[in-house]
Amino acid sequence: VMERLKLVLQYFQSNSESISNGICIILALVSVKLYTSFDFNCPCLPQYNKLYSLGVMIVPPIILFFLGILVNRHTGVMMDEWMRPIGNRSKNPAVVKYLFSAMIQRALLAPMVWILVTLLDGKIFICAFSVSVDPALFSGKHISFLLYTIFLIMAKVPCKEDVIFRNSSFRKAVSRYVRCHSQAIGWSILLFLIVLGALGRLIKPCFDDHATFLQTRYWSNYLDVEQKLFDETCVLHARDFARKCVVQFFEDIREDSLRLPHPVFISKFREECDDEEEQLHGVTKQEQVDQLLNKWYYGKPELDVSRIAYRPRPCVTWENHEGKTLYSDV
Amino acid sequence: MDKFRMMFQFLQSNQESFMNGICGIMALASAQMYSAFEFSCPCMPEYNYTYGIGLLLIPPIWFFLLGFVLNNNVSVLAEEWKRPTGKRIKDPTILRYMFCSITQRSFIAPAVWVSVTLMDGKSFLCAFSISLDIDRFGNSSVIQGMSETEKLKFLARIPCKDLFEDKELREAASRYIKCISQACGWMVLLMMTFTAFLIRAIRPCFTQAAFLKTKYWSHYIDIERKMFDETCKEHAKSFAKVCIQQYFENISGEMRGLHRHHSKHDSDNEDEDTWKSDEEKLLGIRAQDDMNKVLWNWHTCKPPLALRKEHEDGEKEGGMNGNINGEINGFVKSHSHDVEKKEWAVYYSKV
């Protein structure tokens, strides 16, 4: 089970785009669940119907949009890249634009899902627009009231429990009528969005330079990975720093305050520590750490790793007794 | 390196996602508690408002405090705040950062309770039914002849299904109040999300460099505390082992010495090794008073954040460091500058 878990974790960690997509889809599912669990309560009063319904149709998408931006990891990466001082690394506005558009596209999914579900379900439309339906359309029931009473009555259509409309076919007829409109609008919006997406996919290669697109996508992924790795390295450094600080504290207090003799075996303990990889990279003081973090923000290093890549390392060559090379690292 | 990274990821994700997990569990608990709670409005004009609004506001305060109680970082924060300066200066920005992150996590469960209560509408109905203007729901003939107190009592009974006779009036009134309550709920959610958005998305514009620093050092404080606890535990274990061995030695005296002389060639080699490693773990501190002094000093006089050079393996500060304890510095680390020549291995085949 641990192996499986490790594999799954590795897969997700490796591709930050798939994490973002996953979160985006989860948020869309949350949006659907929120709609089904929300107890829609039409006031059935002529002044408030429209206000309430349009409020329920518009405010939750705004909330979901902000949530979508918040939970997306790329928001932080984009803001960092946009706001940082230039340092040793030039800024590429195309990368910021790519990240921004990706973030906005993902954040728009959950609000669109809410609006579509609302329209396809129809309750909210019935609540909002039952007053605007002309009762004369539905023959079979003669209602001769004053105009205001008609208005009031139409406002009560969404409320099944009302005594006027109990088991009334008139109410059902009006509800069907408005729901039919609402669903038509919902399906049209869905069709429009899908056509837009398909067109965008098909036409984009004609306009965009694919080569630059590959570059921007590479560098935006790089920025994400770089930030993650920096955080990881900082955490490992902090761990090593802490361990050495604690050991140093024990040694100091033993020598200064307790005046105890030097134990013979302390060197072995140190060697055990050093067997693990050295994580301090020479940064051993608080001021050095502060300076390092400051420099990471104010003067980001240039994108050139030739110095480490071409560092000399030991190479092994195997030769037989005639001098013929059997294997070589070179 | 890969193995290290896996372990690190597990640790890191463990610490933060543990706190996030607790946060999520509390939010679910809050929603579940609301649905399990049996809301019973008193339906009396003197108590309706208190009950309704009290149920809206007091459980969130309780959840907020519970969030503080369950969060491990609170004791870390308190310790860092209250410790004497010692050799390490205190940084107020770190305290602020820790406090902010604890508070943000504790806000989620109360927010869930408030949202669910407002969306459900019962508490608003209970609290505000007496302030309704009954005329707009038609049928105001019922209350024409009533005095003020009787009117109030009549209106206060609206939230209770069993006590109120006029069903349509009750339905209309409760719909109206519920609609207002839900509108308030959505507004509260919108404000909270917008505030969170401002904090998370706009903050990098202002204080990113300082933020990196505070994040690093607050994480460091947490890890250092854990490391110290681990070291103390190891020390206590070794102390106990050595203490017990000494006791047995004292009790048995010569017999033990004879016995060891005979069985020296047996399995005692392993025992020697473990005995030596236990001695090492004691780090030279072998008496109760010394250990007490160590623990006392850890709080009253924290060490400065500056490691001495013996702890480095002579990487950037030049090849072989002077060694105080006679240790032999490791020669090759994978990223040492010194190895520039290429090794050749010669292989002789039997053919």
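Here are some notes on this predicted model, point by point.

1. Ground rules. Residues count from 1 along each chain as its sequence is written, and chains are lettered from A in the order in which they are written. Local features need pLDDT of at least 70 and side-chain atom pairs 80 or more, while totals for chains, interfaces and linings use all residues, and side-chain values use heavy atoms, with hydrogens and water left out.

2. In the model, residues 21-38 of chain A are 94% helix, with end C-alpha atoms 26 Å apart. Residues 180-203 of chain A are 100% helix and span 34 Å between the end C-alpha atoms. Helices here are DSSP runs (H or I, at least four residues), numbered from the N terminus.

3. The H9 helix of chain B. Helix H9 (residues 204-252) of chain B has 49 residues and reaches 69 Å from first C-alpha to last, close to the 72 Å expected at 1.5 Å a residue. There is still a kink of about 50 degrees, centred on Ala210(B); the bend is the angle between axes fitted to the seven residues ending there and the seven starting there. Just after H9(B), Gly253(B) has a positive phi of about 65 degrees.

4. Aromatic pairs. Rings of Phe, Tyr and Trp (its six-membered ring) pair if their centres lie within 6.5 Å; planes under 30 degrees apart are stacked, over 60 edge-to-face, the rest tilted. That gives 36 pairs over all chains. Phe125(A) and Phe129(A) have centres 5.1 Å apart and planes at 70 degrees, so they are edge-to-face. They sit 4 residues apart in helix H6 of chain A, about one helical turn. Phe125(A) is buried at 12% relative accessible area, whereas Phe129(A) is partly exposed at 26% (buried is under 20%, exposed over 50%, partly exposed in between; 1.4 Å probe, protein chains only).

5. Trp217(B) is buried at 3%, and Tyr220(B) is buried at 1%.

Definitions and conventions:
Helices (H or I, at least four residues) and strands (E, at least two) are DSSP runs, numbered from the N terminus. The expected span of a helix is 1.5 Å times one less than its number of residues.
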